[in-house]
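These are my notes from going through one model. I kept the entries in the order of looking things up.

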Amino acid sequence: MHKKPNILFVMTDQQRRDTVGAYGSLICRTPNMDRLAAAGTCFDWAFTPTGLCSPARASLQCGLYPHAHKVLTNVSLHPIRESLPARADRLTPALKSAGYNLGFVGKWHVNEHETPKDFGFDDYYSLGDYANWRRGQGLDYPDVMQDYSKQVAARDSVTPEQSRPAWLCDRAIDLIDKYSDEADPFMIQLNFHGPHFPNIVPEPYFSLYGPETIEPWPNFDDSLAGKPAVQSIKKRHWQTDVMNWSDWQPLVSAYFGEITLIDAQVGRVLNRLDATRLAENT
């Protein structure tokens with residue numbers, strides 16, 4: 001009897017739809033995301049339950065809207081510090097009861113006190129584990145890499161193979177190898193930090209897209225007249241209301257570069273599924 005399908009769940013953070021070739025990007029190159037799109041289903045209309053990280057991620061874990069699961073803002077960053085308790089999780093127990101081996105790699109941001117292991121995952125590699133690995137290798141780990149509120153574009157001093165996306169994919173590949181020897185199916189959740197700012201990107205990806213070649217968004221000069229006040233408020237909050245397109249170009253350039261770096265690393269994971277003959281049942 002054919003065993004239940006394996007699941008590889010890949011999530012990037014703060015990536016625009018129009019940065020994917022399959023969705024029409026003419027600048028940012030994403031051959032491996034396009035490869036996934038060509039082999040599966042693309043949704044032209046898909047909506048997040050909210051524009052904030054923790055509430056949206058909590059919704060993925062429990063299948064409820066934020067007003068129902070009560071995670072209304074980003075945990076650890078705001079006065080309202082409601083986290084999703086493990087008892088509210090529906091995804092992990094359902095997979096566990098169906099006999100799945102469960103691995104979690106990367107950004108969590110659902111509960112600041114309980115980890116994926118507390119929710120029932122068998123293996124967990126965090127963003128903090130990468131920071132510790134990098135320091136252990138004697139590699140510089142800039143403080144700004146941990147500041148998720150800074151719109152920063154900078155060249156990373158490491159090689160692509162030593163970058164955070166590559167390290168996360170190394171761990172996902174380790175889990176594929178570990179679980180492939182077992183009779184039970186697996187679900188591996190691979191959550192990248194990027195391309196959420198700050199965009200600290202190694203060469204050659206940092207210089208892959210010349211800032212001067214990036215044209216303004218069609219709505220860049222939108223006055224926001226007649227639109228919800230929160231849009232203008234957030235521009236002031238992020239201090240983007242005083243930025244010209246020339247200020248944005250290096251940020252967008254590094255952002256595109258990080259997306260293509262992530263794409264290359266996703267390709268390595270897909271290649272590993274091919275090499276282990278698991279792709280057809282994943």
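Entry 1, P116. In which helix is P116 found? I located P116 in helix α5; helices (H or I, at least four residues) and strands (E, at least two) are DSSP runs, numbered from the N terminus. This is a predicted model, where local features need pLDDT of at least 70 and side-chain atom pairs count only at pLDDT 80 or more, while totals for chains, interfaces and linings use all residues. Residues are numbered from 1 along each chain as its sequence is written, and side-chain values use heavy atoms, with hydrogens and water left out.

I looked up the accessibility of P116 and got 0%, so P116 counts as buried. The classes are buried under 20% relative accessible area, exposed over 50% and partly exposed in between, with a 1.4 Å probe and protein chains only. Setting aside neighbours within four places in sequence, I found P116 in contact with F104, W108, F121 and Y124 (contact means heavy atoms within 4.5 Å). I also took the C-alpha separation of P116 and V105, which is 9.4 Å for residues 11 apart along the chain.

I listed the buried residues of α6 (residues 127-136) as L127, Y130, A131 and R134. They cover an arc of only 100° around the axis, which puts them on the same side of α6; the arc is that of the directions from the helix axis to the C-beta atoms. An α-helix has 3.6 residues a turn, so residues three or four places apart point the same way. The cover over these buried residues includes β2 (101-106), β3, β4 and α7.

I then checked both ends of α6. S126 caps the N-terminal end, with a side-chain oxygen 3.2 Å from the backbone nitrogen of G128. The cut-off for such a polar contact is a pair of N or O atoms within 3.5 Å; within protein, one must be able to donate a hydrogen and the other to accept it, and residues adjacent in sequence count only if both atoms are side-chain atoms. After α6 comes G138, and its phi is positive, near 75°.

I placed S163 in the loop between β4 (153-156) and α7 (164-180). Is S163 buried or exposed? S163 counts as buried, at 2% relative accessibility. Its side chain reaches the backbone oxygen of P160 at 2.7 Å. Apart from neighbours within four places in sequence, the contacts of S163 are Y130, V158, P202 and L261.

In α1 (residues 31-39) I found N32, M33 and A37 buried. Seen down the axis, the buried residues of α1 fall within an arc of 150°, so they line one face of the helix. They pack against α9 (245-275). On the face turned away from the buried side I noted the exposed residues P31, A38 and A39.

I searched the whole structure and got 13 salt bridges, each being a side-chain nitrogen of Lys or Arg within 4 Å of a carboxyl oxygen of Asp or Glu.

One of them joins D274 and R35, with the closest N and O atoms 2.9 Å apart. D274 lies in helix α9 and R35 in helix α1, so the pair ties together parts that are 239 residues apart in sequence. D274 is partly exposed at 42%, and R35 is also partly exposed, at 30%.

I next looked up K96 and D122, whose closest N and O atoms are 2.5 Å apart in a salt bridge. K96 lies in helix α4 (residues 91-97) and D122 in the loop between α5 (116-119) and β3 (123-125), so this pair ties together parts 26 residues apart in sequence. K96 is partly exposed at 36%, as is D122 at 31%.

The salt bridge of D174 with R171 has its closest N and O atoms at 2.9 Å. Both are in helix α7, three residues apart, and about one helical turn separates them. D174 is partly exposed at 34%, whereas R171 is buried at 17%.

Last, I noted that D13, R57 and K107 are linked in a network of salt bridges.
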